[in-house]
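Please keep the viewer open as you read.

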Amino acid sequence: MELNKQQKLAIDTIDGPVMVIAGAGTGKTQTIALRIAHILNETQIPASSILCLTFTDTAVNAMRQRLISIIGASAYSVKIHTFHSFCNELILSHPENFIISPNLRPVDELEKIEIIKDLINKLPDGAILKPWGDHYFYKRDIISCLQTLKRENISIENLTKLISDQQNFISQSSAIYNSLKSLRVSKSLESDVLNNLKQLLNLNNLSIALKTSLIYHQNLYNSGGYNLGTAKNSAINFKNGLLRFIENIVKDTPKQSELLTIYNGYQSVLLKNGLYDFDDMILFVINAFKKDLNFLQQYQEKYQYLLVDEFQDTNSAQNQIIDLLCQNNDNPNIFVVGDDDQSVFRFQGAAIENIFDFYQKYKTPPIVLKNNYRSHQLILDTSNSVINNNQNRIANFIKDVDKSLISISTVDHDPINIIPTNSSLEENYWIASKIKSLIKTGTKPNEIAILYRHNADSLELAEMLTKNDINFYLSTDQNILNSRHIQQLIYLLKYIDNPNQPELYYHILASDY
């Protein structure tokens with residue numbers, strides 16, 4: 001592929017921090033691979049001194065194969081990892097830095113559920129997270145929240161401080177809340193609301209997080225964001241927004257306090273039994289880096305060039321790994337590639353902070369890849385008309401960033417059709433019928449693709465295609481040996497081989513053969 005101007009700039013700028021905003025289909029993987037090749041050609045460093053971090057095993061394999069096609073066998077020496085595999089390698093390579101427990105092993109999902117259920121049982125009767133009708137109603141939500149806390153690197157100590165700050169805010173804001181609630185439409189309403197907000201901002205020991213949230217409401221009002229709302233008067237919408245902010249804190253703080261109790265208990269059980277969960281691996285490495293400066297410096301010296309793919313999807317814990325590897329270096333050789341419009345592993349728009357923080361930290365103007373090699377212009381313009389409604393796009397925060405993609409392929413003037421259906425069954429039937437019609441009129445089957453949002457959606461689609469005698473290929477990166485039914489079979493075979501294994505009883509009895 002011939003390089004365009006922006007790609008060449010990203011590849012040639014090998015020293016210092018570089019941020020690339022790569023829209024969909026702009027040759028991101030090729031750019032990263034060629035940059036690695038360029039580093040090896042232009043510097044004296046070995047391939048093993050380059051670390052490339054990404055998010056999935058599929059992405060790791062794709063990057064490795066692309067690099068092999070460019071530089072050959074030396075591509076195997078470049079360290080290409082997911083964040084978790086990188087941290088796991090550090091833990092296995094330096095057990096002396098991770099003396100957490102003998103025979104450390106990952107906790108499985110059934111064990112995790114049992115631990116959470118036991119901790120819920122220990123909550124007092126009438127607790128918010130232990131409702132009367134179904135004590136375990138919130139168990140999945142609790143597991144999800146614990147996962148989020150770890151991914152955002154919020155420790156038990158951090159959560160304790162956050163809750164304490166909120167409790168302090170609740171006790172001090174009660175009178176201001178009543179004052180706000182009593183306000184009615186008048187000429188002085190705007191100044192009265194702003195005065196109440198000023199009082200909230202001047203509360204004693206107000207945390208930075210709460211202060212930032214209050215300033216957000218003020219900025220939203222100043223920018224006209226409260227012109228839209230249930231009331232025609234923007235000052236009333238502003239008042240109601242502040243009231244909801246306080247009410248949500250009052251409502252959520254007791255629930256968060258119970259979550260803290262469970263979080264504390266969960267970590268204690270894991271430690272006592274030599275267990276860890278998936279997200280603990282990253283936290284282990286963060287703590288090890290912070291505790292042992294020599295350990296951190298060893299890896300800072302080992303990896304002279306750091307590349308991060310899908311940067312928009314890094315969570316706070318993963319981001320801290322990157323920050324630590326670049327620590328005490330004002331001009332680190334860090335290259336990040338991301339696109340806030342393609343956030344997959346976090347809620348849409350939530351990851352803009354990573355891209356913006358990088359820009360703020362290193363003051364380096366981003367290189368924007370705009371040439372799209374995948375879609376025709378009609379697709380790009382249509383998708384852009386939807387994405388432009390997102391106010392949290394990075395283009396709204398960094399001056400002179402234009403993310404409008406330009407198609408390199410031939411323009412297709414056929415319109416994009418939207419077909420509304422009443423159910424997934426009707427939708428799948430329409431898709432199958434459309435495919436049959438296309439094939440009947442001469443379209444080659446291998447030129448037809450179906451995109452779906454959730455993996456589970458493929459099951460009903462596959463069934464409908466099968467019923468309509470349509471042959472199809474379903475691509476998946478799932479390991480069949482990890483599937484539930486195969487695992488059940490393995491447990492059963494282990495039991496048949498040796499029935500004297502009590503730890504297998506639960507798995508076998510709980511399985512739906």
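In what order do the six strands of the open sheet run, and is the pairing parallel or antiparallel? The order is β3-β2-β6-β7-β1-β8, and the pairing is parallel. The edge strands are β3 (79-82) and β8, each of which pairs on one side only. From one strand to the next, the twist averages 15 degrees. Helix α3 (residues 57-71) packs on this sheet, where it touches β2 (50-54) and β3, and its direction makes about 165 degrees with that of β3.

A word on the basis: this is a predicted model, in which local features need pLDDT of at least 70 and side-chain atom pairs count only at pLDDT 80 or more, while totals for chains, interfaces and linings use all residues. Residues are numbered from 1 along each chain as its sequence is written, and side-chain values use heavy atoms, with hydrogens and water left out. Helices (H or I, at least four residues) and strands (E, at least two) are DSSP runs, numbered from the N terminus. Strands pair if DSSP finds at least two bridges between them, and contact means heavy atoms within 4.5 Å. Axes are lines fitted to C-alpha atoms, for helices over the stretch in contact, with angles from 0 to 180 degrees between N-to-C directions.

Now to strand β1 and its two partners.

| Partner of β1 | Sense | Bridges |
|---|---|---|
| β7 (residues 334-338) | parallel | four bridges |
| β8 (residues 367-369) | parallel | three bridges |

I21 has G338 of β7 as its bridge partner, and A22 stands opposite L369 in β8.

Next, look at helix α8 (residues 189-201). Its buried residues are L189, V193, N196, L197, L200 and L201.

Finally, the axes of α11 (residues 280-291) and α12 (residues 293-302) come within 5 Å and cross at roughly 105 degrees. The two helices are therefore roughly perpendicular (65 to 115 degrees). At their contact, A288, F289 and K291 in α11 meet L293, F295, L296 and Y299 in α12.

Technical notes. Buried means under 20% relative accessible area, exposed over 50%, partly exposed in between (1.4 Å probe, protein chains only). Angles under 35 degrees count as roughly parallel, over 145 as roughly antiparallel, 65 to 115 as roughly perpendicular and the rest as oblique.
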